[in-house]
Amino acid sequence: MWHVGKVIALHGETATARTITLDVADWPGHVAGQHVDVRLTAPDGYSAVRSYSIASGPNSEGRVELTVERLSNGEVSPYLTQELAVGERLELRGPIGGWFVWRTHQTEPIQLIAGGSGIVPLMAMIRARASAGSAAPFRLLYSVREPAAVFYRDELQALTDNDEGVSLTYAYTRAAPKDWPQPPGRIDAALIANATLPSNLVPTCYVCGTTSCVESAAGLLIGSGHNPDKIRTERFGPTGDRK
Amino acid sequence: MSSHNYDYLDGNAAAGELAKIFAVDVTAAQGQCAHCGATKRFAESHLYMQCPGVVARCAVCEQVLLRFVSIRQRAFLDLSGMTYLSLDISQSEEQSFPQKVE
């Protein structure tokens with residue numbers, strides 16, 4: 001159940017988040033949306049386990065990418081984002097989860113809603129869609145604190161520029177770029193109405209973010225006519241030092 | 001402002017720990033709440049981790065569905081809050097992606 005992953009690359013996404021690329025020799029493969037548990041063990045035997053979503057799409061090379069946001073009071077994320085070096089090894093349990101996943105045979109429209117680092121498992125879905133050559137329409141609403149907090153900006157830009165089947169709307173909660181049409185604010189009913197797939201297209205919706213963000217966005221989707229059975233959610237928070 | 005306490009995660013976050021005892025994925029399993037009768041995916045349950053183990057509560061009525069604690073070499077599982085749990089065993093032998101072939 002536990003695997004050992006060797007760190008083969010580190011890439012800063014933002015001032016507080018970085019992507020860790022692991023080579024996992026006996027990795028059984030994963031589906032977009034799944035997560036892993038990471039276990040760190042101190043020399044005295046004390047260990048801490050935290051869950052992180054997988055950012056990379058399915059692949060046959062045993063590659064697992066995690067994007068980890070540093071939490072100032074975190075026990076694990078400061079190590080992963082500041083101290084971990086290429087060549088070191090991490091213990092991983094997974095892949096975990098069979099509900100908050102997108103499988104390449106799904107052809108229905110997909111609405112993704114990310115709050116902050118909740119983008120990570122949704123990025124795996126977008127990458128899986130691209131690598132599978134899927135034509136399923138994807139729309140992403142990415143709510144983020146400020147422009148500098150966006151993960152994967154260039155890749156998202158390229159994916160949406162080159163494929164009419166994928167569209168992206170940013171929603172800034174604290175600071176928006178100059179000339180941005182909306183003042184900063186949380187996802188509200190107007191944004192859901194203007195920037196997400198309408199319920200009559202019967203999209204499957206994936207919502208990932210902090211618990212308060214997920215509760216709010218899922219409630220707004222239901223309020224705009226989406227069937228609760230078509231909404232899949234994943235919550236994270238400091239409780240589990242998640243993502 | 002809302003008066004809600006958002007101090008829970010969801011069933012997804014328990015799946016790694018529960019994999020110690022479940023051979024198949026538990027997040028997609030459907031369970032019926034013994035208190036209110038709601039049938040939901042385990043991933044949709046509200047998960048409380050600020051305790052020695054984990055407690056999953058019904059997303060509808062907030063009553064306890066599952067308690068799980070693992071201490072030293074023993075695991076304790078209380079499922080009395082669910083009338084049943086329905087698991088997909090079709091993929092228990094299947095890998096989600098082929099192994100590296102060399």
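Let me start with the contact between the two chains: 23 residues of chain B meet 30 residues of chain A. On the side of chain B that touches chain A, two elements give two or more residues, namely strand E1 (9–10) and helix H1 (15–18) of chain B. By type, that side of chain B holds eleven nonpolar residues, seven polar and five charged. Keep in mind that this is a predicted model.

Now chain B by itself. Its secondary structure consists of one helix and eight strands. Along the sequence the order is β-α-β-β-β-β-β-β-β. Chain B has 102 residues, and 34% of them count as buried. If we take the contacts in chain B with a separation of 6 or more, 49% are between residues 24 or more positions apart.

Next, the nonpolar core. In soluble globular proteins, nonpolar side chains tend to be buried together. Here the largest nonpolar core comprises 82 residues. Which residues have the most contacts inside it? They are Leu112(A), Leu122(A), Met125(A), Tyr206(A), Val207(A) and Ala217(A). Helix H2 (residues 119–132) of chain A supplies the largest share of this core, eight residues.

One residue in more detail, Ala217(A). Setting aside neighbours within four places in sequence, Ala217(A) is in contact with Ile113(A), Ile187(A) and Val207(A). Of these partners, Val207(A) is also among the residues with the most contacts inside the core.

That is the end of my part.

Note on methods
Residues numbered from 1 in each chain as written. Chains lettered and ligands numbered in written order. Predicted model: local features only at pLDDT ≥ 70, side-chain atom pairs only at ≥ 80, totals over all residues. Helix = DSSP H or I, 4+ residues; strand = E, 2+ residues; numbered from the N terminus. Buried ≥ 20, exposed ≤ 12 C-beta atoms within 10 Å, placed from the backbone. Contact = placed C-beta atoms within 7 Å. Core = buried A, V, L, I, M, F, W, Y, C linked by C-beta atoms within 7 Å. Nonpolar A, V, L, I, M, F, W, Y, C, P; charged D, E, K, R; others polar.
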